[in-house]
Amino acid sequence: MKKLLAAAATFMLLAPMLGLLSIGLLVNPAVLNQGNCIASGVILGPIPDSLQVTMKDGYTFTLNKQQLTHAGTIITVGANTPGVGRDGILIALMAALTESTLRQLANTGTYPESGSYPNDGNGSDHDSLGLFQMRPQSGWGTVAELMDTTYQARAFYGGPDGPNYPSPRGLLDIPGWQQMDKGEAAQAVEVSAYPDRYQNYEPVARTILDTLTRNNSGGSGVPGDTNIPETSRLVFPLPTGSYVHTSSFGPRIDPITGEARLHSGTDWAAPDGTPIFALADGLVTYAGMVDGYSGQITIEHTIGGEKVATKYIHMWAHGIHVTTGDRVTAGQHIGDVGSSGHSTGPHLHFQVHPGGANAPAVDAEPWLAERGVEGIDAPVGGGPGCTS
């Protein structure tokens, strides 16, 4: 009876939150090329024949369709495992890239029978097998199980429904994994002798995830411009630790006029002259003073296969460091924080427009958080209101 009462109380507390969650459709892992809607709100699109990717250290290489198909399996299993989400999928991709470069490896030196299962080559690291180089002797599973890519993905994610619960631990079994650096979280599962390798593959994992999937929330459905290649990474537009969140997207009272109006962007106060970075690779479509008094840069991007524009507002004229027609890369210094135009103090007013610069803006904060942007601080309240 006590358990029933506790369960009822828990449901009453969670019901409002649960009502906000969208319910996705389950995906058959065998069907990876039909644009299926999966549980996390991500749509898995066609698997390309190849994909060029760049690591954090600048090294570029090409993944083939077989490797990308394995990535699709990891994405599908993660999307249908409660609690994983987009960040968990990203961590799993980083781990598999680091351990096997997304190859299902046999190990005939230790387990001759592993060569009789479908594989992408032969590895020789101790008794490790498969995408995540899991070891039968460590309890991850039998040879037959570990030569199954879906089983390996389930084992990596772990959790109460994982095949090895409670040990060895999968990602969901690591306390506080959501707050860890993604490379640190991958290492917590893999327990590698080389713990610093995983971070180098984070941009690659992001490119794979953005290329192979579409997200139901905040997406425009407008295909990216063929002249603007898919971005390699996403970088927060201000240096870590340099800014304070002062105003969010949505209706509010204008701090200058006192009138109710829609605030179409997100404001982060920062010292005058603080560098502003391009969120993603893209093409500058406007750089100058709007109506002669408010500095603005507009950049068009291709993110997740879709057209997205970002706008950076309130720079002084001398603080704009790009010109219309320039091609920029993610993290490039494009301008400096200022206080031109309708502004109460130095800050960056930042807008995201899925569908392009002429499409409506969306709330940048959840949009950025959902995509795991590099270098983002936890939002901090306080400070004067700043507006455009």
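## Ground rules

Helices (H or I, at least four residues) and strands (E, at least two) are DSSP runs, numbered from the N terminus. This is a predicted model, in which local features need pLDDT of at least 70 and side-chain atom pairs count only at pLDDT 80 or more, while totals for chains, interfaces and linings use all residues. Residues are numbered from 1 along each chain as its sequence is written, and side-chain values use heavy atoms, with hydrogens and water left out.

## Confidence

The predictor's confidence in each residue is called pLDDT and runs from 0 to 100. For this protein the mean pLDDT is 83. A value of 70 or more is reached by 84% of the residues. Among the elements, strand β15 (residues 333–336) has the highest mean, 98. Strand β1 (residues 36–37) has the lowest, 31.

One covers residues 1–40. Beyond near neighbours in sequence, this stretch has 41 contacts in the model (heavy atoms within 4.5 Å). The other covers residues 379–387, with 32 such contacts.

Rolling a probe the size of a water molecule over the atoms shows where empty space is left. Here a cavity is a set of points, on a 1 Å grid over the protein atoms alone, where a 1.4 Å probe fits but cannot get out. Lining residues have an atom within 4 Å of a point. Grid points are joined across faces, edges and corners, and a volume is the space filled by probe spheres set on the points.

The structure holds 3 cavities of 30 Å³ or more. Helices α3 (85–100) and α7 (202–212) each supply at least two lining residues. The lining has 3 nonpolar, no polar and 6 charged residues (Ala, Val, Leu, Ile, Met, Phe, Trp, Tyr, Cys and Pro count as nonpolar, Asp, Glu, Lys and Arg as charged, and the others, Gly among them, as polar).

Where does the second largest cavity lie? Domain 1 (50–214) and domain 2 (230–376) both give residues to its lining, so it lies between them. The domain bounds come from an automatic or database domain assignment.

## A salt bridge

The structure holds 8 salt bridges (a side-chain nitrogen of Lys or Arg within 4 Å of a carboxyl oxygen of Asp or Glu). One of them joins R197 and E99, with the closest N and O atoms 3.1 Å apart. R197 sits in the loop between α6 (182–190) and α7, and E99 in helix α3. The two are 98 residues apart, so the pair links distant parts of the chain.

## Backbone details

A cis peptide bond joins Y165 and P166, with omega about 5°. Another joins S167 and P168, with omega about -5°. P166 is in the loop between α5 (149–157) and α6. P168 is in the loop between α5 and α6.

T101 is in the loop between α3 and α4 (143–146). Its phi is near 50°, a positive value in a residue other than glycine.

Methods:
On a 1 Å grid over the protein atoms alone, a cavity is a set of points where a 1.4 Å probe fits but cannot get out, and a pocket is an open set with protein on both sides within 12 Å along at least five of seven lines; lining residues have an atom within 4 Å of a point.
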